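This report describes a structure for a reader who meets it for the first time. The sequence and the model are shown below, and the account follows.

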Amino acid sequence: MKTISLTIDGKRISANEGEKLLWVALGNGIYIPNLCGLQDNSQPPAACRLCFVEVEGKEKPVTACTETVTDGMVIDTRGGKALRLARTAFELLMSSQQVDCAHCAKNGSCELQQIAHHLNIKLKSNRFRRILRELPIDDSSSVFTYDPNKCVLCGRCVWVCRERLGIGAIGFAYRGFQRVVTTFAGEAFADSKCQECGECVRVCPCGALVFKNDKTEEEQT
Amino acid sequence: MKVAELSAITSAFQEIKNRAELRWQTLYDSGKPVIMVGTATCGRAAGALEVLKAIRDELKRQNLDFPVIEVGCLGHCYAEPLVIISKPEYPPICYGRVNPVIAERLVKEFVIGDNPCLEFVLGALEENDLVPSFSDFPRAKYEKKVILKNCGQIDPKEIDHYIAKGGYSSLVKALHIPPEQIIEELKRSGLRGRGGAGFPTGRKWEVCCRAVGEPKYVICNGDEGDPGAFMDRVVLESDPHSIIEGMIIAGYTVGARYGYIYVRAEYPLAVEHVQIALRQARRLNLLGKNILGSDFSFDIRLFQGSGAFVCGEETALIASLEGKPGIPYYRPPYPAVKGLYGKPTLFNNVKTFAYVRHIINDGAECFASIGDERSKGTAVFALAGKVVNTGLAEVPMGTTLRQVIFDVGSGIPGGKHFKAVQIGGPSGGCLPESALDLPIDFDSLSDAGAMMGSGGMVVLDEDDCMVEIARYFLEFTQSESCGKCTFCRLGTKQMLEILNDITQGRGRIDDIDMLSQLAEDVIAGSLCGLGKTAPNPVLTTLRYFRDEYEAHIKEGRCPALMCRDLIAYYIIPEKCERSCDACVGTCTVEAITTNKKRIKVIDQEKCVKCGTCLDACPPQYNAVIKLSPPSEVPS
């Protein structure tokens, strides 16, 4: 494979031709906020709209997960236009997100906390109206708890369960604001075809899917 | 193709054409009157099927076997149901607003007798000395029918009618031309996609033609979902073969083997007509294996969409065709390179395909001679809302909004004042009176903040609140958003909440800034065309009607007296007639009482603002009025 070189935030980086910018940057220690992408998914969903960066020569910011790197590319991950979009997207996500870090198992390892820190905004931003959905928590699985109110609909769990593992216990249901990750016909996890492997919990960026206790998590890993 | 093969194609088609022409001629040469009833969906909604039955019953009673033909939509939807009677020695005459009683009279007095019943005439289809013809209408000066030419004039369920009117000869002509030359012809014609974005059709066909991958597909997007738009439905219902012919030519040009027509299931008549048309074309070997004996094979299937607006977006439509949820995915690669099942897929709107045969038949120059500098050909609009002549209009690109609304549409009913026109559906924008002289083409409209969209045109008058209109369209896009990407799912939701607040009197002054900021971000950040255009109605109303937003927020006043929370009903004592009780009886919540002077008074606490009292108050008194803000009501 041909090696090419590009510049991200002033740093010279070499990468393989055809790679997506997001993974090149992350692999070289340059953080770009992201939620929906998984490196082994060759078709990025491009759904979370957080990984906006500015590419020299392009008028509009682009999403790093869909942008293929090219030789001589110059990228600014901190450009004003890109940051504005990333911030709005993140604040929109948080506007319908239950925030309760003190009582959340993911406190400290939560990617939402990392993104908020990176973008320099509060988790409980008051820029937008708070619109919460108040959906029931599914505690039926012996391995994990699913709280849809904390879900950012990134879809990592859905992709892993369906594409990587070939199980397909969960998927997206409903449209628009009602969109939710759920089992077939919305049955409880315990009654679904979930095999309790816990892979979905491992890729969940936030507190929507958490192991029932730390001990279980260790056993599982 | 080889020369021997070409002559075989021509002679095979000539035989089909001769038979069709013979059938068409016998229809008129028999000396019997021919009766046509417009039974497209618009006609049916107005009672065309009852009219059809009345005509058939009356003919039966009289023991007459005159041909009665069901045709599509003529575009004069405001005057449905329409009946056309062609009788020897008379011009073909079109009658409007026909009901079963009138229909019976027409049969008795004109079909059998000799009285053309001039009182019911809408217009004649040809110029003559007896009755005014459609070409005498003021709108005729602006109309130019290309793809609507057959609509309402032939039976869409009869392939022979279509062929007798010149149908499928473009296909035969195209089979004689190398694909590259067809692409050149399309490029020279300047045809741009009629789905809304206006991408040059020739270039799209070229990309798909050059793309590598087998088999290739051709998809026709008939998932028309904009509120108030019905152009594609009319073409699908009234002239389905024109789309099929365009698609076969497309298949030949790009080297595709299969085609799909994606029609929404809410268009049952279009579905039926397309299915019949496909069967008939297959029977005549115009579709299927070795078309007309050539080495080119192409078949089309119909696919019914199940009601998601977002499936009109090409990547979502393709996902839906593949049996997946109709959710858009990231482009590029564009469908022309990697589409259905990962294969090169040519994707065009219903109307785009319908233009193809005209360009092949009449030549690129003929098409390019219609329209203005940057947009060629005609535009088809569905006129709806506060306009006298609702219906379809096909005008050359570059015609002004004023000409379409006031000359073709005959202006605003009820002597009301024009306020705005909403073009391009939920992705389009609201343009004010000052924009009326804008030429309608792809670029002028997008410069003004609206877009051509697929061609819906909703006219708004002084009684329409622009904030409410923006709210209405956003509510639509918000509930039709697939929910995949953050901006569309949550951004439009936030915008809708703000607009709800403003129309309900809870608006804050910083809401306007927040709305425009959010609108910009949703446009820049959304994944697909739905989100990228959803804020347009809000942005254009903010741009042209900012004063209405400010009146709602600062004064709690709705200038159009439309937003229910910001108005009150009031009975003017001086105008109220003592002996009249009309309003009292209609009030559903008993909010109207009669005072000592026998004047009626509304109890504002009880009033639910349903407006029935205003409708009930006899026009000679006109005592009930709306006031905004509600505090205007004298205590």
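A salt bridge is here a side-chain nitrogen of Lys or Arg within 4 Å of a carboxyl oxygen of Asp or Glu. By that rule, A:Asp40 forms a salt bridge with A:Arg164, the closest N and O atoms being 2.9 Å apart. The model is predicted, and every value in this report was computed from it.

**Chain A and its two domains**

Chain A is divided into domain 1 (1-132) and domain 2 (133-221). Their contact takes 19 residues from domain 1 of chain A and 21 residues from domain 2 of chain A. Between the C-alpha centres of these two domains the distance is 23 Å. The area buried between domain 1 of chain A and domain 2 of chain A is about 1,800 Å², with carbon and sulfur atoms giving 56% of it. On the side of domain 1 of chain A, the residues A:Leu38, A:Gln98 and A:Lys106 supply 30% of the area buried against domain 2 of chain A, more than any other three residues. Between the two domains there are 2 salt bridges, and 10 residue pairs are in polar contact, both residues being at pLDDT 80 or more.

**The interface of chain A and chain B**

The size of an interface is often given as the accessible area lost when the parts come together. For chain A and chain B the buried area is about 2,700 Å², and carbon and sulfur atoms give 55% of this area. Of the area that chain A buries against chain B, 26% is supplied by A:Leu92, A:Arg129 and A:Arg175, more than by any other three residues. The contact takes 27 residues from chain A and 33 residues from chain B.

Across the interface of chain A and chain B the rule finds 5 salt bridges. One of them joins the side chains of A:Arg84 and B:Glu520, at 3.1 Å from N to O. Helix H2 (residues 80-95) of chain A gives the most to the side of chain A that touches chain B, with 7 residues. The count of residue pairs in polar contact between chain A and chain B is 18, both residues being at pLDDT 80 or more.

From the side of chain B, B:Gln494 belongs to helix H18 (residues 486-503) of chain B. Is B:Gln494 buried or exposed? With a relative accessible area of 2%, B:Gln494 is buried. Leaving aside its neighbours within four places in sequence, B:Gln494 is in contact with A:Leu92, A:Ser95, A:Phe128, A:Arg129, A:Ile131 and B:Leu518.

The domain assignment of chain B gives domain 1 (31-136), domain 2 (159-367), domain 3 (378-461), domain 4 (466-555) and domain 5 (567-632). The C-alpha centres of domain 2 of chain B and domain 5 of chain B are 57 Å apart.

Helix H7 (residues 179-189) of chain B has B:Pro179, B:Ile182, B:Ile183, B:Glu185, B:Leu186 and B:Ser189 buried. These residues lie on the same side of H7(B), because they cover an arc of only 160° around the axis. An α-helix has 3.6 residues a turn, so residues three or four places apart point the same way. The buried residues of H7(B) pack against helix H6 (169-175), helix H8 (201-210), helix H10 (240-254), helix H13 (350-362) and helix H14 (364-368) of chain B. Just after H7(B), B:Gly190 takes a positive phi of about 75°.

**Backbone exceptions in chain B**

Most residues other than glycine have a negative phi, and most peptide bonds are trans.

| Site | Feature | Value |
|---|---|---|
| B:Pro332 to B:Pro333 | cis peptide bond | omega near 5° |
| B:Ser628 to B:Pro629 | cis peptide bond | omega about -5° |
| B:Leu292 | positive phi | phi near 50° |
| B:Leu561 | positive phi | phi near 55° |

B:Pro333 is placed in the loop between helix H12 (314-321) and strand E9 (345-349) of chain B, while B:Pro629 is in the segment after strand E18 (624-627) of chain B. B:Leu292 is in the loop between helix H11 (268-283) and strand E8 (299-305) of chain B, and it is buried, with a relative accessible area of 4%. B:Leu561 lies in the loop between helix H22 (546-555) and strand E15 (568-571) of chain B; at 26% relative accessibility, B:Leu561 counts as partly exposed.

Definitions and conventions:
Residues are numbered from 1 along each chain as its sequence is written. Chains are lettered from A and ligands numbered from 1 in the order in which they are written. This is a predicted model: local features need pLDDT of at least 70, side-chain atom pairs count only at pLDDT 80 or more; totals for chains, interfaces and linings use all residues. Side-chain values use heavy atoms; hydrogens and water are left out. Domain bounds come from an automatic or database domain assignment. Buried means under 20% relative accessible area, exposed over 50%, partly exposed in between (1.4 Å probe, protein chains only). Helices (H or I, at least four residues) and strands (E, at least two) are DSSP runs, numbered from the N terminus. The arc is that of the directions from the helix axis to the C-beta atoms. Contact means heavy atoms within 4.5 Å. Buried area is the accessible area (1.4 Å probe) that two parts lose on being put together, summed over both. A polar contact is a pair of N or O atoms within 3.5 Å; within protein, one must be able to donate a hydrogen and the other to accept it, and residues adjacent in sequence count only if both atoms are side-chain atoms.
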